[in-house]
Amino acid sequence: MIRPDAKVLLEVKGLCAKVGGVEILKGIDLTVRAGEVHAVMGPNGSGKSTFAKALAGHPSYEVTGGSVAFDGRDLFALAPEERARRGLFLGFQYPVEIPGVSNSAFLRLAYNTMQAARGKDELDPLEFDDFARGKMKLLDMDPGFLDRSVNDGFSGGEKKRNEILQMALLEPRLAILDETDSGLDIDALRVVAGGINHLHGPGDAVVLVTHYQRMLNYIVPDYVHVMGGGRIVRTGGKDLAFELESRGYDWVRAAA
Amino acid sequence: MMSAVVATHPYIEALLKGHEMPRGGISWLDERRAQALERANALTVPTTRDEEWRFTDITPLTKLRFRPARATPQLAISDLSRFLAPEATVHLTFVDGVFAPELSANAGLPYGTVVTSFAAALHTHGAVIEQHLARHAGFEKELFAALNTCHLRDGAFVWVARNRKCPTPVQILFVSTQQETVAYPRILVVAEAGAECTLIEDHAGLGDEAYFSDAVTEVAVGEGACVRHVRVQRDARAAFHIATCAVALAKDARYASHAVTLGARISRHNLNVTQQGEGSEVRMDGLALISGRQLADTHTLMDHACPNGRSRQLHKCIVGGAAHAVFNGKIVVRPGAQLTDSAQESRNLLLSGKAQVDTKPQLEIFADDVKCSHGATVGQLDQEQVFYLRSRGLSPNRARNLLTYAFGAEVIDRIPVPSLIEQLGEMVLARTQVVGDA
């Protein structure tokens, strides 16, 4: 939902970043306001995931230029956990497996950390399990997921559902979902997309990083950005995604 | 009786001088003590030139001043409640090596189960004790086993009769309270054919004293019997702890060891398990969690002497600060021990740049139709996991603690005493917080 007077949540200006000494992002500009859904698309290697991870503060990604304001604050002055506590959420392309830590303990710890940061009450294990089960219904997840180790032995689709479950629990103001659609079959995609739509409201924003248009059949973006060569080379409305689907990305490489 | 022989080392000399040979008027016992005394006098203190002690320099122990134990302090059961597992309604407590009946509870056990001190048991179960005591833990070549055996005065005796099951875990708590003293904890467990019991062997320090605990445990598991053996070493951080546990398994016997090492400045745990009958099954789990300048050395020997034996071993070390962990896991498959199925895993987590691990699997296989595997890894916390947790709002310390805890949980979660799982889990979390901040 585009409201020109809505609060700016994310203001990216000329962002440059390196990974392992190689410059991947070469000047990204992007403005995201509350209530909006943005799709960041582009061919493999265009820098989509790097952009997502740099925003979340992954230590392997070195920011070399530009600025990012998140909710009016300098994002790069904040440690990754501080970004999270202020409402930035990264849905991982490859959620990390953590054997030995139960999903319920992990989710509760994350939830209570966020509650404490917001000055709200924490939940004890029993209260939390009830709360989490409610959110799991939304994503058609078996409550048995709570008892398993974090992402350990989960299928690709289960991992992605677990990411969106975290989004549901943590209620971010800005959710950056990195290739959440990959690894999902068509039924799972519908459920997960439905969950994201349900969670999204006028006070928050979603940035979908995706290679394919198919998720955008379920989550309609307000803006579509096409990345190429570490920059945003084109921005348009939802129709741009359909154009990409029929034209492919070759022209982007030429443009970059 | 005082020793007339000159010991080979001043500290050993002091240990031997300080003690008067206990005399119980039981000739076989006096004889075993005398043999052990002879060996203690003859054996030298191991140095890092000995292959078995290559990584463990016990010089600081030999520099400890020796003081005979004074009268044991008056402790109340409330001083010990933090150590006692609520499930273990039967427990024996030894304070600075001396049996403390007022801090023990061993009444109400069903017929066929005995948990008591040697002094009491020698009258009722003398023949069983004679058959097993100092018969499994050899002291011919082992100085510290010899020292323990020649000082043999009191200890814990656990006996479960044929086809009986001890209804509750049995906790044997050795608590040390005094600076520069020596204690010789001793346990004998005999599970007759078809019997079953769970033992919690617990070595704890009440304060920060530097003392020496020289422990020997013997476990005889009869045909088809099952013994679960939890061992917690939480001695004072300045203490020295050297222990030998010898386990003998009869046909189709089952034995599981869950050994957790948290304490002591220098500790050494020798666990020697021998399959003396066919078809026995062994699990050996170990976890050492150390930091600061601690050194924890675990030497295990799995001796497959008979066919169809099975053994599973998982040893984990979590090492922070400038601490040093040593693991030497020897597996022997003797000629004729066909169809042995043995697997050993050593996994190590280093939490700092100065932490050190030496891990050495040692397989000696003399039978041709066997399945033996081993593996060792040494690593640090996974940075992707740390970032994942931080991206969900957890502080870096919280994230590292949680991951460290998870690493240890694989061993702790298999302990067959729920309250200990919880207690040790909390201790690991508390300790990793210290480690993490170091």
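Okay, L351(B): at 27% relative accessibility it counts as partly exposed, because buried here means under 20% relative accessible area, exposed means over 50%, and partly exposed is what lies in between, with a 1.4 Å probe and protein chains only. L351(B) sits in the loop between β18 (341–350) and β19 (356–365) of chain B. Helices (H or I, at least four residues) and strands (E, at least two) are DSSP runs, by the way, numbered from the N terminus. If you go looking for F83(B) from there, L351(B) and F83(B) are 268 residues apart in sequence and 27 Å apart in space, C-alpha to C-alpha.

Quick housekeeping. This is a predicted model, where local features need pLDDT of at least 70 and side-chain atom pairs count only at pLDDT 80 or more, while totals for chains, interfaces and linings use all residues. Side-chain values use heavy atoms, with hydrogens and water left out, residues are numbered from 1 along each chain as its sequence is written, and chains are lettered from A and ligands numbered from 1 in the order in which they are written.

Now the aromatics. How many aromatic pairs does the structure hold over all chains? Eleven. Rings of Phe, Tyr and Trp (its six-membered ring) pair if their centres lie within 6.5 Å; planes under 30 degrees apart are stacked, over 60 edge-to-face, and the rest tilted. Take F92(A) and Y388(B): the ring centres are 4.8 Å apart and the planes stand at 80°, so that pair is edge-to-face. This pair crosses between chains, from F92(A) in the loop between β6 (88–91) and β7 (98–102) of chain A to Y388(B) in helix α8 (residues 383–390) of chain B. F92(A) and Y388(B) are both buried.

Y388(B) has another pairing, with F106(A), and that one is stacked, at 5.8 Å centre to centre and 20° between the planes. Again the pair crosses between chains, with F106(A) coming from helix α3 (residues 103–117) of chain A. F106(A) is buried too.

Staying in chain B, have a look at strand β7 (residues 186–191). Six of its six residues are buried, so the strand is largely enclosed by the rest of the structure. R186(B), L188(B) and V190(B) point one way, and I187(B), V189(B) and A191(B) the other. What about its neighbours? Two strands pair if DSSP finds at least two bridges between them. Five bridges join β7(B) to strand β4 (residues 156–160) of chain B, running parallel, with V158(B) opposite V189(B). Six bridges join β7(B) to strand β9 (residues 212–221) of chain B, also parallel, and there L188(B) has E218(B) as its bridge partner.

Next, helix α1 (residues 10–17) of chain B. Which of its residues are buried? Y11(B), I12(B), L15(B) and L16(B). Those residues cover an arc of only 135° around the axis, which puts them on the same side of α1(B); the arc is that of the directions from the helix axis to the C-beta atoms. The face turned away from that side carries the exposed residues P10(B) and K17(B).

Last stop, chain A, which has an open sheet of four strands in the order β2-β1-β4-β5, with antiparallel pairing. At the edges are β2 (22–33) and β5 (73–74), each with a single partner strand, so one side of each is left without a neighbour in the sheet. Nine bridges join strand β1 (residues 8–19) of chain A to β2(A), and V8(A) stands opposite R33(A). Helix α1 (residues 48–56) of chain A packs on this sheet, touching β1, β2 and β4 (61–70), and its direction makes about 70° with that of β2(A). Contact means heavy atoms within 4.5 Å; axes are lines fitted to C-alpha atoms, for helices over the stretch in contact, and angles run from 0 to 180 degrees between N-to-C directions.
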